[in-house]
Amino acid sequence: MPQKKPIFAPSIKAIMAEQILQIENVDPKELHGPNDKYLELVKSMFPKLKLIARGDFVKVIGDDEEIEYFTSRYETLMMQLERFGKLTAQTVEDVMMAATDTELQQKMSESDVLVFGRNGVPVKAITANQKRMVTASEQKDLIFAIGPAGTGKTYTAVALAVRALKAKQVRRIILTRPAVEADEHLGFLPGDLKDKLDPYLQPLYDALRDMIPSAKLDSYLEDHTIEIAPLAFMRGRTLDHAFVILDEAQNATRSQLKMFLTRMGRSAKFIVTGDITQIDLPPKTPSGLPQAMEVLKDVKGIEFIYLDDKDVVRHKLVTDIINAYKRYHEEGKEENIEDAQSIP
């Protein structure tokens, strides 16, 4: 007579552990890929685990140690998506199979993508000096990026700020510009103060829209995670835990630039961008940028990056235009370079 199986004998399922992971701060559809492509890839890399994805949750069933390792990698994958806004199959594989976060950083450092912009377009530092900006920003809390129009200094600075925000290295981004023309014509423009000032800040909005989805950007602007304001609005403030960019710094007066630089608070990153060949200040009002370059050149912890025509990433004619103006001034045909008309 066959022996009966004990009623209380543990089954394989009874000794399997189970954990439910919540997907936070990212879209599950982006995390799992088109038609669950990335989820299926993850499943293939963890054949000993059973993964069940439902909405914002993933149920993991399997051995305790295997679940613990999977959970660590999966949370890192979510952080990676939150930081860059996009995943690739290679990124998923690198993240999920890395033994430690240090190993992952070594793998991911091979990529020079700063952020993924609209439609997944990668934003990178392209030229040698743009890459120097990236390196300097990682090592220093204050850098100056000086160069002519079209060299990508502002765009690279904004990408660095967005990357830092997504990586939770800072709590907010503050972008500012001197509204030089507004001093004369502000009262004649229609609308409230924001309507009057926004045209001068539009290039900063344009850069952000290239890197952050519209709905997310609107949310950031509404809760002041991202703030765009004229330089005058910085007076009296202390900017803590922020990535702060002063754009068009050549149009800041000496007192304004000193005021801005002394706003730096704890755990802050500052980037100052400018072009000393395009000063729009009124006659006899000296720019603060050349003075700051001279005064601060030997201060430790500050780095100056000088971009030139080799860094131009606009139309080829922009490089030719810059060189033509440069020759014009070098030949002495312009008595004072600061009085020259700015290039649109």
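Colleague: In which loop is the place of Ser 267?

Modeller: Keep in mind that this is a predicted model. Ser 267 has a positive phi of about 50°, although it is not a glycine. Its place is in the loop between α11 and β10.

Colleague: Is Ser 267 buried or exposed?

Modeller: The cut-off for exposed is over 50% relative accessible area. Ser 267 has a relative accessible area of 51%, so it counts as exposed.

Colleague: Glu 248 is not a glycine either, so what is its phi, and in which loop does it lie?

Modeller: Glu 248 has a positive phi of about 55°. Its relative accessible area is 26%, so Glu 248 is partly exposed. Glu 248 lies in the loop between β9 and α11.

Colleague: Which residues of helix α11 are buried?

Modeller: Helix α11 covers residues 254-261. Its buried residues are covered by elements that include β6 (142-146), β7 (172-177), β9 (242-246), β10 and α12. The buried residues themselves are Leu 257, Met 259, Phe 260 and Leu 261.

Colleague: What distance separates the C-alpha atoms of Thr 277 and Pro 148?

Modeller: Thr 277 is found in the loop between β10 (269-274) and α12 (288-295). Thr 277 has 35% relative accessibility, so it counts as partly exposed. Thr 277 and Pro 148 are 129 residues apart along the chain. Their C-alpha atoms are separated by 7.1 Å.

Colleague: At what angle do the axes of helix α2 and helix α4 cross?

Modeller: Two packed helices are described by the angle between their axes and the distance between the axes. Here α2 spans residues 37-45 and α4 spans residues 89-97, and their axes come within 10 Å. α2 passes α4 in a right-handed crossing. The axes cross at roughly 35°.

Colleague: Which residues in α4 do the residues in α2 meet?

Modeller: From α2 come Tyr 38, Leu 41, Val 42 and Met 45. Residues three or four places apart in an α-helix point the same way, because there are 3.6 residues a turn. In α4, the residues met are Ala 89, Val 92, Glu 93, Met 96 and Met 97.

Colleague: Which residues make the nonpolar surface patch of about 280 Å²?

Modeller: One of them, Tyr 325, is found in helix α13 (residues 316-330). Tyr 325 has 40% relative accessibility, so it counts as partly exposed. The patch is made by Leu 317, Ile 321 and Tyr 325.

Terms used:
Residues numbered from 1 in each chain as written. Predicted model: local features only at pLDDT ≥ 70, side-chain atom pairs only at ≥ 80, totals over all residues. Heavy atoms only, no water. Patch = residues over 30% accessible without salt bridge, like charges linked within 9 Å, V, L, I, M, F, W, Y side chains within 5 Å. Areas by Shrake-Rupley, 256 points an atom, 1.4 Å probe, with all protein chains shown as cover. Salt bridge = Lys/Arg side-chain N within 4 Å of Asp/Glu carboxyl O. Helix = DSSP H or I, 4+ residues; strand = E, 2+ residues; numbered from the N terminus. Buried < 20%, exposed > 50% of the residue type's maximum accessible area, 1.4 Å probe, protein only. Axes fitted to C-alpha atoms, helices over the stretch in contact; angles between N-to-C directions. Left-handed = near helix turned anticlockwise from the far one by under 90°. Contact = heavy atoms within 4.5 Å.
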